[in-house]
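Dear colleague,

I am handing over the structure below, and my notes on what was found in it follow directly after. Please read them with the coordinates open beside you.

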Amino acid sequence: MDDCADIYGAEKMTKGPEVFPGYSSSAMSEAVVPDALVSPAVGSMYGEKAGGPTVDFSYVGIDAILEQMRRKAMKQGFELNIMVVGQSGLGKSTLMNTLFKSKVSRKSVLATAQEKIPKTIEIKSISHDIEEKGVRMKLTVIDTPGFGDQINNENCWQPIMKFINDQYEAYLQEEININRKKRIPDSRVHCCIYFIPPTGHCLRPLDVEFMRRLSKVVNIVPVIAKADTLTLEERDFFKKKIREELRANGIDVYPQKEFDEDAEDRMINEKIREMIPFAVVGSDQEYQVNGRRLLGRKTKWGTIEVENIAHCEFAYLRDLLIRTHMQNIKDITSSIHYEMYRVRRLNENNTAVAHANGIPEHHLAAHEM
Amino acid sequence: MASSDVARHPDKGVRPLSLAGHVGFDSLPDQLVNKSICQGFCFNILCIGETGIGKSTLMDTLFNTNFENFESSHFEPQVKLRAQTYDLQESNVRLRLTVVNTVGFGDQMNKQESYQPVVDYIDRQFESYLQEELKIKRSLHNYHDSRVHACLYFISPSGHSLKSLDLVTMKKLDSKVNIIPVIAKADTISKSELHKFKIKIMSELVSNGVQIYQFPLDDETVAKVNTTMNGHLPFAVVGSTEEVSVGNKMVKARQYPWGVVQVENENHCDFVKLREMLICVNMEDLREQTHTRHYELYRRCKLEEMGFKDTDPECKPVSLQQTYEAKRQEFLVELQKREDEMRQMFVQRVKEKEAELKDAERELQGRFEQLKRLHADEKAALEEKKRMFEDDQSSFSKRRAAAQLLQAQSLTANGKKDKDRKNSGFM
C-alpha cells in the first residue's frame with residue numbers, strides 16, 4: 001500500500017499524471033491503478049485490458065498454456081471407439097457412415113457377397129484414420145452382428161460385456177506394468193449406440209435387459225432407428241414411453257444424471273435428457289433439394305432430409321456425440337467406468353477373471369459400492 | 001483421452017479415410033481445452049541456489065506479483081525446502097503455482113549432504129503420486145499434482161566456472177527433474193565474460209554428463225524458436241520488482257549510479273527469454289516430461305525395488321496382482337515369524353528375570369539366616385556373661401558375709417579383752 005501513497009504524493013507535486021495515463025487525481029477511491037504497481041499478495045493479474053497504452057508488462061503469459069495444450073493435442077491425435085448394437089437391418093452401418101460422412105462401417109469396407117446373419121454374436125471392429133482441419137482422429141467402429149437375431153436371445157449381452165471388460169482389462173494390464181508405454185493405447189469402448197426398433201409402443205424385454213446391464217459399464221446412447229416410419233405424434237409418444245421405462249428400470253443412459261458436474265452442466269444435460277432417445281434417420285446418399293445437395297432418403301411421397309431437425313433428430317445426435325460432448329464421453333469412460341472396473345478387479349481374489357462378464361452380474365452388483 | 005500417436009503411415013487395420021463433408025470433430029481440441037480451463041492448471045517450480053542469490057526476486061519478477069517472501073539467514077544448520085502455493089489467474093486461466101525454495105543451500109561448512117534434502121523432496125512428491133495411482137479407489141483427476149515440473153538452478157556469477165557443489169547437485173537431480181540452469185545476478189558480468197562463462201558452463205555440464213532440460217524440437221511451430229533458445233542456455237537473468245522510469249515508460253529495472261539495467265530488455269539480460277521458454281512456450285512440455293520420463297523412471301525403480309517384475313524368470317508375464325498377493329503372503333508369514341520370535345524372547349526374558357529374582361531371594365534368605373545365627377550366638381555369649389556375673393556376684397556376697405561375720409566376731413573378742421583389761425587395770 002506504500003506504493004499507493006507514493007503515487008498520490010507524486011500526484012500532488014507534479015501537475016497531472018504523465019506516467020499513468022487515464023488516471024485522474026480526483027477519483028482517488030476508484031482509480032484504476034495499473035496492476036503493476038499494486039502488488040497483491042496473492043497475485044491476480046490481468047492482461048493488458050485495463051486502460052493504458054502499450055505497456056503490457058503485467059502480462060505474464062500463463063494463458064499461453066492453452067495454446068500449448070491445443071498444439072499437443074493436435075500433434076497426438078485423438079481416439080474414439082464407438083460400438084453399435086442392434087438387430088440387423090436397423091441401419092447401424094448407414095448411420096455410422098452418415099455420422100462421419102465417409103464409409104466407416106465394416107460393411108462398406110469388407111463388402112461380402114452375401115452377409116449372412118451369424119449364428120452367434122460376433123464382435124468385429126474396424127479402425128480408420130480421419131482428419132479434419134488438422135485434427136487427426138483414429139475412429140474405431142465396433143460392430144456386433146448377430147445381436148438380437150437369434151431365436152433364443154438370452155444372455156446375448158454376455159459377449160458384448162466380455163468385450164468391453166476385455167478392453168478395460170487390457171488397459172489395466174498395460175497401466176500396471178513396470179515398463180509401460182508412453183501413451184497407453186486406448187481401446188476402451190467410449191460410447192455404445194443402442195438401436196431401438198421403431199415399433200412405436202415400448203421397449204422390448206431384450207432392450208431393457210441389455211441397457212440395464214450395459215449402462216453400468218459403458219456410456220449408452222439409445223437411438224430410435226429408422227425413425228422415418230413414425231409420425232411426429234407417434235414419435236413423441238414412443239419417446240415418452242421409452243423414457244418412462246428407462247426411469248422405471250433405473251437405467252441411466254448418457255448423459256448420466258449423477259455425473260453432472262455443476263449447474264451449467266446440469267442445465268445443458270437436462271435439455272439433452274429431455275430429447276433422449278434421438279429419433280434418427282441415416283443416409284449416405286445425396287439428393288437435390290431446393291437447389292442444394294443434401295443427404296437424405298428419397299421416397300415417392302417426399303425426401304427426408306437427414307440433417308433437417310424438422311425431419312429427424314440426427315443433427316442433435318451428431319452434435320452431442322461429436323461436436324460438444326465427445327471429450328466428456330471419453331472422460332466419463334476413463335475416469336468413472338474404467339475406475340469402477342479397476343476397483344472391482346483389484347478387489348477380487350486373483351482367481352476367476354471371467355466373473356465380470358455378465359454371468360454373475362447380480363452377484364457383482366451386490367458387491368459394488 | 002487423447003492417446004496413442006497416430007502413425008504417419010497407416011498401419012495394419014487402420015485405413016486413412018477422407019471425409020465427404022464437415023463432421024465437426026475439429027472442435028475436439030476446443031473441448032479438451034475447455035475442460036482444462038474448468039479444471040485449472042498446476043505448475044510446480046523448484047528454485048535451488050545459494051542464499052541471497054535472487055531466487056525469490058526472480059519468481060516475483062517472472063510472475064509479476066509479490067510472493068511475500070522473507071529473507072532467510074545464512075546460519076541454517078541444514079538445507080531445508082520451503083514450498084508455498086499460490087493461485088494465479090490470467091484472463092480465464094487459473095494456475096495453481098507452487099514455488100519451492102531451498103533455504104540455506106550452500107551456507108554450511110560441510111556441503112556434502114546439501115543435495116540430499118532436495119532429492120528427498122522430489123522423491124516424496126513422486127511417492128505420493130505413486131501412492132495415489134496405486135490406490136484401489138483413486139481420484140487422479142482431482143489430485144493436486146505436487147511433482148516438481150521445473151527446477152531452476154541458480155549459478156552464481158563468478159564468471160569462471162561451475163562450483164563443484166553445483167555439479168554434484170545437478171548430477172544428482174538430472175534424472176529426477178527438468179533442470180534449467182540460470183545465471184543469477186547477471187548484471188555483474190560483462191557481455192564478453194558472460195559469453196565465455198556460458199560456454200564454459202555448458203562444456204562442463206556436458207563433460208560431467210549432466211542432462212539439463214532441452215527445449216523440445218519435435219513440434220514445427222516452436223522448433224525454430226526452441227533451437228535458438230537452446231543455444232542461449234544457461235539464461236543470464238536479472239530480477240527486479242522495482243520500477244524505474246526510462247524514457248517515458250516505467251520498466252522493471254535495477255538502478256545503479258552508472259546506469260539502469262532493464263529486466264525486460266533483451267540486450268541487458270535473458271529474462272524475457274526465460275519467461276518465454278518457461279511459461280509461454282514450454283510449460284506443457286515440462287509437465288509432460290515430468291510425468292512421462294522422470295515419474296515413470298521413479299515408478300519403475302520403486303516397483304522393481306519392491307520386487308515386482310513384469311516377467312518372471314521364464315519370461316512369462318507376471319501379473320502385478322499375483323506378485324502383490326505373493327508378497328502379501330510373504331509379508332504375513334514374516335509378520336507371524338516375528339511375532340513368534342518376540343513371544344519367545346518375552347518368555348525367555350521372563351524366565352531370566354524370575355531366576356534373577358529367585359537368586360536374590362535366596363541370597364536374602366541366607367543373609368537372614370546368618371544374621372539370625374549371629375544374633376543367637378551373641379545372645380548365648382551374653383547369657384554366659386550374665387551367668388558368670390551372677391556367679392561372681394553370689395561369691396562376692398558370700399565372701400562379704402563371711403568377712404562381716406569375721407569382723408563381728410573379732411569385735412566381740414576385742415571387746416571382751418578390753419573389758420578384761422579395764423577390769424584388770426582397777427585392781
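Between chain A and chain B of this predicted model, about 8,200 Å² of area is buried, with carbon and sulfur atoms giving 55% of it; buried area here is the accessible area (1.4 Å probe) that two parts lose on being put together, summed over both. Chain A brings 86 residues to the contact and chain B brings 88 residues, where contact means heavy atoms within 4.5 Å.

Two conventions apply throughout. Residues are numbered from 1 along each chain as its sequence is written, while chains are lettered from A and ligands numbered from 1 in the order in which they are written. Because the model is predicted, local features need pLDDT of at least 70 and side-chain atom pairs count only at pLDDT 80 or more, whereas totals for chains, interfaces and linings use all residues; side-chain values use heavy atoms, with hydrogens and water left out.

Eleven salt bridges are found by the rule across the interface of chain A and chain B, a salt bridge being a side-chain nitrogen of Lys or Arg within 4 Å of a carboxyl oxygen of Asp or Glu. Arg180(A) and Glu296(B) are joined by a salt bridge between their side chains, at 2.7 Å from N to O. The elements of chain A that each supply at least two residues of the side touching chain B include helix H2 (64–76), strand S1 (78–85) and helix H10 (326–347); helices (H or I, at least four residues) and strands (E, at least two) are DSSP runs, numbered from the N terminus. H10(A) provides the largest share of that side, 13 residues.

Neighbours within four places in sequence aside, Gln68(A) is in contact with residues of chain B, including Ile279(B), Met283(B) and Asp285(B).

Thr229(A), by contrast, is exposed, with a relative accessible area of 52%, and lies in the loop between strand S5 (219–224) and helix H7 (232–248) of chain A. The side chain of Thr229(A) reaches the backbone oxygen of Lys226(A) at 3.1 Å. Residues up to four places away in sequence not counted, Thr229(A) touches Pro198(A) and Glu234(A).

In chain B, helix H2 (residues 55–63) is mostly covered, as seven of its nine residues are buried, among them Leu58(B), Leu62(B) and Phe63(B). The cover over the buried residues of H2(B) includes strand S2 (41–48), strand S9 (249–256) and helix H7 (271–281) of chain B. Just after H2(B), Asn64(B) has a positive phi of about 60°.

Finally, the unreviewed UniProt entry annotates residues 343–388 of chain B as "coiled-coil region"; UniProt positions are given in the numbering used here, feature names are shortened, and annotations may be inferred rather than shown by experiment. Over residues 343–388 of chain B the model is 100% helix and 0% strand, with the end C-alpha atoms 67 Å apart.

With best regards

Terms used. Buried means under 20% relative accessible area, exposed over 50%, partly exposed in between (1.4 Å probe, protein chains only). A polar contact is a pair of N or O atoms within 3.5 Å; within protein, one must be able to donate a hydrogen and the other to accept it, and residues adjacent in sequence count only if both atoms are side-chain atoms.
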